[in-house]
Amino acid sequence: IGDNIPIESIREGKIFGIHSIYLENKFEEIEIKHTAKSRDIFASGAIKYAMWIKNKKAGLYYNMTDDKIRFHKYTGCGNDFIIIDNRNHKIQYNKKKDIVKDICNRHLSIGADGVIFVEDSEEYDISWHYYNSDGSLVHMCGNGARCVAKYVSDVLKLNKKTLLMENPFSIITKAEICDNNDVKVSLPIVK
């Protein structure tokens, strides 16, 4: 890794074993576990991850091949949502369920009632995909719609007082950004 790090290793016979590397500072400890399936590699997998993470900036990374996942956290009437700009399709559809379950866990991660992925729409201002914390894609969430409209206005800088937002179920929601910064949503229009 480039730093002097004391390493302890206890091995018996043909047991390949589970290896852990701990990275620690005064605020936190990170444990990277590696299960060896061969004596030839020992803890090289764990060392590989430690070398990768050593120079990363603070943030949420899902795996070594991904760059940092940028997110914002919004709350509406007591519900909290992680909102991710996925217009670049960095997070593929088949990975969303697992990512949502991981990052919504309040004990081990950021924690939230759900995750909203904002994507481009060909017909409307944006497309939004809302997943509950259990990883299930849902039809509608009024508080989530309000939060995503505010996010689109504040973060994506879409300067419109009225937004039309679609979801994967062809439900169109109209959102209005009020002068006092409140957000109103109408009952959805089903295509």
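**View 1. The hairpin of strands S8 and S9.** In the hairpin that S8 forms with S9, five residues lie between the strands, and Asn 181 among them has a positive phi near 75°. S8 and strand S9 (residues 183-185) run antiparallel and are joined by three bridges; two strands count as paired if DSSP finds at least two bridges between them. Glu 176 is opposite Lys 184 in S9. The model is predicted: local features need pLDDT of at least 70 and side-chain atom pairs count only at pLDDT 80 or more, whereas totals for chains, interfaces and linings use all residues. Residues are numbered from 1 along each chain as its sequence is written, and side-chain values use heavy atoms, with hydrogens and water left out.

**View 2. The hairpin of strands S7 and S8.** Strand S7 (residues 162-166) pairs with S8 in the antiparallel sense over five bridges. Thr 162 is opposite Glu 176 in S8. Four residues lie between S7 and S8 in this hairpin, and Ser 170 in the turn has a positive phi of about 60°. Five of the seven residues of S8 are buried, so the strand is largely enclosed by the rest of the structure. Buried means under 20% relative accessible area, exposed means over 50%, and partly exposed lies in between (1.4 Å probe, protein chains only).

**View 3. Surroundings of Thr 173.** Thr 173 belongs to strand S8 (residues 171-177). Thr 173 is buried, with a relative accessible area of 0%. Neighbours within four places in sequence aside, the contacts of Thr 173 include Trp 128, Met 140, Ala 145, Met 165, Val 185 and Pro 188; contact means heavy atoms within 4.5 Å. The C-alpha atoms of Thr 173 and Tyr 124 are separated by 9.9 Å, and the two residues are 49 residues apart along the chain.

**View 4. The nonpolar cores.** The largest nonpolar core has 21 residues, of which Ile 83, Ile 116, Trp 128 and Met 165 touch the most other members. Such a core is a set of buried Ala, Val, Leu, Ile, Met, Phe, Trp, Tyr and Cys residues joined through side-chain atoms within 4.5 Å. Two or more residues each come from strand S4 (79-85), strand S5 (114-119), strand S6 (126-132), H3, S7 and S8. H3 gives the most to this core, with six residues. Leaving aside neighbours within four places in sequence, Met 165 is in contact with residues including Ile 126, Val 148, Ala 149 and Ile 172. A second, separate core of twelve residues includes Ile 69, Ile 82, Ile 99 and Tyr 131.

View 5. Ser 153 is in helix H3 (residues 142-154). Helices (H or I, at least four residues) and strands (E, at least two) are DSSP runs, numbered from the N terminus. Ser 153 is buried at a relative accessible area of 16%, and beyond four places in sequence Ser 153 touches Leu 158 and Ile 177. With a disulfide taken as a pair of cysteine sulfur atoms within 2.5 Å, the count is zero. Cys 147 is in no disulfide, and the nearest cysteine sulfur, that of Cys 141, is 7.9 Å away. Cys 147 is buried, with a relative accessible area of 4%, and Cys 178 is also buried, at 12% relative accessibility.
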